[in-house]
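Please keep the sequence and the model in view while reading.

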Amino acid sequence: MKRAPSIFFYLPAGVVFSVFFWLPLGGLLLESFRPFTPGRIGAVSDAPLTLANYEELLTPSFLEFFVQTLRISLFASLVGLVFSFTLAYWITRRMSPRGRAIAIGFFVSLMFLSVLVRTYALELTFGAAGPFRAILLSFGVYPNSRGYIEVLVAAGLLHYIVPLATLTLLTTIQNVDPRLFDAAQTLGAPGWRAHLSVTLPLCRDGLLAAFLFSFAFSISAFVIPMILGKGRVLFVSNLIYNRFSEIADFPSGAAISAVLFAVSITIVYLTTRYVNRREAG
Amino acid sequence: MGRKIDDLFSGLGRVMNGFIICFLIIPLVVTSLMAFDARPYLGPLPPPALSTRWFSKFFSDDYFLRGLGVSLELALISVCLSVCIGVITAVALDRSNSRARELMTSLFVSPLIVPPVVTGFAILIFLSKLGVVNGFARLLCGHLIITIPYTIRATLNGVLGIDKSLTEAALTLGARERHAFWDITFPLARTGILCGGIFAFVVSLDDVAISIMLTDAKTYTLPVALVSSMRANFDLTLAAVSVLLMGLTLALIFVLEKTVGLNQVIGQGTFR
């Protein structure tokens, strides 16, 4: 009954991940410290190391992209959280078991639906040529204005965030004992007060986790701003792609990637800290 | 007074729920309607006459069909490889102690927390240094990195749920370890493996951010083809493709509901 050592079973995944993921990420970091030679694809491999690619990111024109990405992502995540919490509460507390099953099926289907399809659908419906054009114009909203495009990008993010956050929050709300809310009401608190001082604090960690998931998804979004932003609203991901596809400036793209990577890791670190705390407590 | 505020809030909640559900559904309905539009241009709703012209246009467009072929081939190969690797790794994780399991799982799930564009760009730089220029090979590398995390996690969920005493009993009764795996572990972990396979298929078929970095002039996936034609001209062929993809999603959801149960699926969602 000798068992093969488990290290042997780690080999296939270990090799694939080392060669196609961890090594490339290391290479990316190294590339970000190389000087860019115009007209050359990729940096010269023994070029001296430099911080120039990072210094470039501190100029206002580059910072603008980071600020824009964070601003729209933050907006979409917060709005998504409010809507998702209301939806999740309604599904867990007001719906029949059958209705709940249908609602869950609906949101899971949405999660599985291609992001590209949803982005196209939003552009077709709410974009400059869509059926709502006349209505928008009659309200004085120009579908080609920058403000509207920003809202459209946020809407694209919301279409993904709301199903994700709602499904996350379903479990959170299910774990809150409804009798606590009833008790608060029996003791004379009006409903809104009972929610504010009982339901919401008990859901705090779940809400935070849902928010951080949404935010992490948003800041690394690629297709949504690419299609809905029409080149006028660019996220950091799009900037990385443009560095590669338009001027083949690999070192600069690598530096932007490294920064985006660092921001994402920080958010995920915060999330796991809070989610683990919730599971431990 | 309190009651009135309560009524106000619950009314507001209802309005918000109705609004957001409309927001989620309306674009999909509009797209489905427009896909059957008989007009040769993008006109206002509703379409005056229906036809399947955009569907036939899609199926006679070489550019899209080529992308579809590459996408399907890539998705099938990625799913097969990542399911195999996922099962082997899940067995390894199952045998390790809980500390090692936690550490290794988070290492293997890490591609999900790295922005996909960054992963794609890193692989692009790395492979071009190695001199790998074959588009399909590059795409396969990228897709394996994003599908394996799902198959590992889903299979592990299936394997961890199996009572250890079953395997031990088989081994005590003289079964070889290999037989114990194929007769006990594998059948019991089947739903987990299937679930991981479906996740991997969906992820591979939907990816844009990684694929767009790794394509070459002749080897591109359907989503990459769709994105570039979306930027070039806004044609209703894309609406027809969207309807086809929605149909595919519904079919996959149906399979998942019948085999695994959707409640199981949620526990394995993107970020858990």
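A crossing of two helices is called right-handed if the near helix is turned clockwise from the far one by less than a right angle, and left-handed if the turn is anticlockwise. By that convention, α3(A) passes α10(A) in a right-handed crossing. The model is predicted.

**Helix pair α3(A) and α10(A)**

- Helix α3 of chain A covers residues 60–94, and helix α10 of chain A covers residues 204–219.
- Their axes lie 9 Å apart, and the packing angle is about 140°.
- Angles over 145 degrees would count as roughly antiparallel, and 65 to 115 as roughly perpendicular. α3(A) and α10(A) are therefore oblique to each other.
- From α3(A), the contact is made by T69(A), L70(A), S73(A), L74(A), A76(A), S77(A), G80(A), L81(A), S84(A) and F85(A).
- From α10(A), the contributors are L207(A), A210(A), F211(A), S214(A), F215(A), S218(A) and I219(A).
- By class, the residues of this contact are 10 nonpolar and 7 polar, with no charged residue.

**Fold of chain A**

- Chain A has 13 helices and 0 strands.
- Its C-alpha trace spans about 75 × 75 × 35 Å along the principal axes.
- Chain A has 281 residues, and 42% of them count as buried.
- Take the contacts in chain A between residues at least 6 apart in sequence. Of these, 74% join residues at least 24 apart.

**Contact between chains A and B**

- Chain B gives 75 residues to the contact, and chain A gives 68 residues.
- Which element supplies the largest share of the side of chain B that touches chain A? That element is helix α1 of chain B (residues 2–35), with 15 residues.
- The side of chain B that touches chain A holds 58 nonpolar, 11 polar and 6 charged residues.

**Loop residue P47(B)**

- P47(B) sits in the loop between α1 and α2 (53–59) of chain B.
- Is P47(B) buried, partly exposed or exposed? P47(B) has 16 other C-beta atoms within 10 Å. Burial takes 20 or more and exposure 12 or fewer, so P47(B) is partly exposed.
- Neighbours within four places in sequence aside, P47(B) is in contact with L33(B), M34(B), F36(B), D37(B), A38(B) and R39(B).
- L33(B) is 14 residues from P47(B) along the chain, and their C-alpha atoms are separated by 7.5 Å.

Terms used. Residues are numbered from 1 along each chain as its sequence is written. Chains are lettered from A and ligands numbered from 1 in the order in which they are written. This is a predicted model: local features need pLDDT of at least 70, side-chain atom pairs count only at pLDDT 80 or more; totals for chains, interfaces and linings use all residues. Two residues are in contact if their C-beta atoms, placed from the backbone, lie within 7 Å. Helices (H or I, at least four residues) and strands (E, at least two) are DSSP runs, numbered from the N terminus. Ala, Val, Leu, Ile, Met, Phe, Trp, Tyr, Cys and Pro count as nonpolar, Asp, Glu, Lys and Arg as charged, and the others, Gly among them, as polar. Axes are lines fitted to C-alpha atoms, for helices over the stretch in contact, and angles run from 0 to 180 degrees between N-to-C directions. Angles under 35 degrees count as roughly parallel, over 145 as roughly antiparallel, 65 to 115 as roughly perpendicular and the rest as oblique.
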